[in-house]
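Let's walk through this structure together, from the overall fold down to single side chains. Keep the 3D view open as you read.

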Amino acid sequence: MTITIISFLVVTGFVGLISWYQTKNDDLSSSKGYFLAGRGLNAIVIGCSMVLSSLSTEQLIGVNANSYAGNFSIIAWTVPTVIPLCFLALYLLPKYIRNGYTTIPEFFESRFDRQTRLIMSGLFLVFYLFIVIPTALYTGAIAFNKIFNLESAFGLSYGAAITYTVIAIAIVGAIYAIFGGLKAVAVSDTWNAVILVIGALLVPIFGLIHLGNGSFSEGLHIITTTHVEKFNAIGSETDAVPWPTIFTGIMLVHFFYWTTNQAIVQRALGAKDLASGQKGILVAALFLLLMPLILNLPGLLSFHILGEGLKPIDASYPELVNRTFPTVLQGFFIAALFGAILSTFNSFLNSAATIYCKDLLPSISKRKFTDEELILYAKKVSTVMAIVTMIFAPLLMFGTDGIFLLTKRFAGFVNIPIVALFAIGLFNKTVSGLAARIALFTHIVLYFCIVWVFDVKINFVYVMAALFVFDVVLMLVLGIFLKRTPYEENKINHADINLTNWKYAPLAVCSLILGLLSLYALLSPIGLASENGNPKLIMGIYAVLQVIILIFFALRKNKQA
């Protein structure tokens, strides 16, 4: 245990020290410097920060838990995010940067009106403070409690151990977000991403070695020849994620999270130029395409090593680490896990403060703040928000046997109406802000009644998809009577940075979409999920199609030249 604690402190201290060194001379006295990192982030920092902001113990524990209990159908909540990220890179990011947005709700004011912007800002804050941040803190506390065995070590009850761990994580994370701004968050994310990828990849490696009684190849042979049905990502109606939900509610949630979510998009808004932002987004998409290696494979290994019937299922991932990881490396892994927790916490805390100070504060107070006063106010607000999430996070222990899907269920109050308003805002020019607000409040009431009051026995993802269609139709109908003057798109570059597109973006997008389709084919009965599957054939077809794509774009480039 002593070695574990020392190695954990060394790795965590290294990330903190190097993050401080790389940002110590940054100008945090201006609003742009604090909230958008001075618009100076490069592609690697953007990509790593986007991935790590979304990848926390909620995914490491929650997604693996569902893979332990079921099959790989749960990848529908992670891998298909490639599609909205490609849409963000090619279509939305140029609009965001050209308009000089600091927060996404600014779009709702320019398209609808200020009241709509304020309501959407409030929804984002509810989503961050009562769903995303508490979940990251709680699942992180579960992992730390299981690995360090805090209950026995300090003679604490389970509830006390979780509560104290939540407070400790929140305090450290708040220091990054409050005193360093977006640049410190993004730089620490980059280093933590490297450590997390290494640490998370070691989990299945050591798991396979343990399963094979010391032989990696034997472990690989066992999982690819026994219980192969668990590889199946094409979920049935009895699985955690039935396959039709991918094309309905889940894809809508992905578009919300990856194209309109302040905490994610804010990194790309801080890009030094449009090309860097696009490259960073597509780097994040590539990372997410490889997520089954760290978000699903360990769950499958838990099933083989720990056996079925583990309760709660959220304990499967920490238990696997405890069982298979060498003691000398456990500190490194815990530091990687700690980095992921901190990243989600400080990223969303920073974004929540940004939304409050840039969107809500000007309406609450008529006073005009200088940049220095605004930044000081942001730090005070961040402190209050951190305390709120510390209080709320431990309460999650009383309401879950699968934290990942529970949080997705509650998020339906927020994410679907935001996507609906965004879709109308992009593709319709005359629906008014009043029509949008009526549809928004109607959605909240209907979703609550369908999912909780009447307890309709339909997968909540289908409910979200149906309500999205309802929201859009209602706004269009109301828009017949509640019109605004046609919205005109801004053509001026308010960000004052280079808006030239990355020349390889279309090639990268085509390659990523091909990779997504090939991955689903591989994780299906025609690939790994059946004894009659042929995964080698699928990989061969993927390689041939990838070469064709490269040749096509090369010929196209020569023709244009």
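The paragraphs below go from the whole chain to its salt bridges, its rings, its surface and its backbone.

A word on the ground rules comes first. This is a predicted model, in which local features need pLDDT of at least 70 and side-chain atom pairs count only at pLDDT 80 or more, while totals for chains, interfaces and linings use all residues. Residues are numbered from 1 along each chain as its sequence is written, and side-chain values use heavy atoms, with hydrogens and water left out.

Let's begin with the whole chain. It holds 24 helices and 0 strands; these are DSSP runs numbered from the N terminus, with helices being H or I of at least four residues and strands E of at least two. The radius of gyration is 23 Å, close to the 24 Å that the globule rule gives for 561 residues, so the chain is as compact as a globular protein of that length. That radius is taken over C-alpha atoms, and the rule is 2.2 Å times the number of residues to the power 0.38. Along the principal axes, the C-alpha atoms fill a box of roughly 70 × 60 × 55 Å. Of the 561 residues, 58% are buried, where buried means under 20% relative accessible area, exposed over 50% and partly exposed in between (1.4 Å probe, protein chains only). Leu269 is found in helix α12 (residues 262-269) and is buried, at 0% relative accessibility.

Now turn to the charged side chains. Side chains of opposite charge can pair when their charged atoms come close. Counting a side-chain nitrogen of Lys or Arg within 4 Å of a carboxyl oxygen of Asp or Glu as a salt bridge, the total comes to 8. One of them joins Glu489 and Lys95, whose closest N and O atoms are 2.8 Å apart. This pair links distant parts of the chain, 394 residues apart: Glu489 is in the loop between α22 (460-481) and α23 (505-522), and Lys95 is in helix α5 (residues 82-98). Glu489 is partly exposed at 24%, whereas Lys95 is buried at 14% relative accessibility. Both belong to a network of salt bridges that links Lys95, Arg98, Lys429 and Glu489.

Another salt bridge brings Arg437 and Asp113 together, at 2.9 Å from N to O. Arg437 lies in helix α21 (residues 433-453) and Asp113 in the loop between α6 (105-111) and α7 (114-148), so the pair ties together parts that are 324 residues apart in sequence. Arg437 is buried, with a relative accessible area of 12%.

For a local example, look at Arg323 and Glu319, which meet in a salt bridge of 3.8 Å, N to O. They are 4 residues apart in helix α16 (residues 316-324), which separates them by about one helical turn. Arg323 is partly exposed at 41%, while Glu319 is buried at 18% relative accessibility. In α16, 7 of the 9 residues are buried, so this helix is largely enclosed by the rest of the structure.

The rings come next. A search of the whole structure finds 24 aromatic pairs, with rings of Phe, Tyr and Trp (its six-membered ring) pairing if their centres lie within 6.5 Å. Ring pairs link Phe124, Phe127, Tyr128, Phe256, Tyr257, Trp258 and Phe348 into a cluster. Charges meet rings too: the charged end of Lys230 sits over the ring of Phe303, 4.3 Å from its centre, and that of Arg111 sits over the ring of Phe112 at 4.5 Å. Here NZ of Lys or CZ of Arg must be within 6 Å of the ring centre and within 35 degrees of the ring normal.

Finally, two spots in the backbone deserve a look. Most residues other than glycine have a negative phi. Asn213, however, has a positive phi of about 50°; it lies in the loop between α9 and α10 and is exposed at 75% relative accessibility. His227 has a positive phi of about 55°, lies in the loop between α10 and α11 (249-260) and is partly exposed at 39%.

Technical notes: Phe/Tyr/Trp six-rings, centres within 6.5 Å; stacked < 30°, edge-to-face > 60°.
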